[in-house]
Amino acid sequence: MPKDEEIYEYIRSVHSVPSSPIRNMRHINPVRESGPIPPYDGPYTMEDIRKVMWNTSVGWDFCYIQQDVEEIMRRVPGITRREAEHITKLGLNPDEQIDFAYLAYNIGLDVFYMANQVYVARQVVTNSKGEKVEVYWNS
């Protein structure tokens, strides 16, 4: 017959949060000191994949390359420095940054508007009476 302590330890081990896995894998995958990085699968090396990655969009994550703020302001006249700096932090590739800046400026998009579950964008337009009106885009 098990003792009370053994029963308690068993129940505690079964009904507790498991310990987190070891995230430092340097003992399994040591840091490479030099030489080309080997491919995971196929003829592509990591350098090839890195070359492809430079010109692709990574969504909302950060992107290593970006347009210079002055270049965005030169190619989209009228956009403010604050808006251009914000656009470079959206995770778009350089071509998408120029396109987004052009669209945002010419259709009156608010680049600082944070999308939520109801609206994805805010636009300021001038109606036929000359009044500025806000238009919210449904999600």
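1. Let's start with Y136: this residue is partly exposed, with a relative accessible area of 35% (buried is under 20%, exposed over 50% and partly exposed in between, using a 1.4 Å probe and protein chains only). Please keep in mind that this is a predicted model, where local features need pLDDT of at least 70, side-chain atom pairs count only at pLDDT 80 or more, and totals for chains, interfaces and linings use all residues. Residues are numbered from 1 along each chain as its sequence is written, and side-chain values use heavy atoms, leaving out hydrogens and water.

2. Y136 has a ring partner in Y119: the two form a tilted aromatic pair, 5.1 Å centre to centre with 40° between the planes. (Rings of Phe, Tyr and Trp, the last by its six-membered ring, pair if their centres lie within 6.5 Å; planes under 30 degrees apart are stacked, over 60 edge-to-face, the rest tilted.) Y119 is in strand β1 (residues 119-126) and Y136 in strand β2 (residues 132-138), so the pair ties together parts 17 residues apart in sequence. Strands are DSSP runs of E with at least two residues, and helices are runs of H or I with at least four, numbered from the N terminus.

3. Y119 is also partly exposed, at 31% relative accessible area. The structure holds two aromatic pairs, and ring pairs link Y113, Y119 and Y136 into a cluster.

4. Do have a look at R82 too: its charged end sits over the ring of F112, 4.3 Å from the ring centre. (The criterion is NZ of Lys or CZ of Arg within 6 Å of the ring centre and within 35 degrees of the ring normal.)
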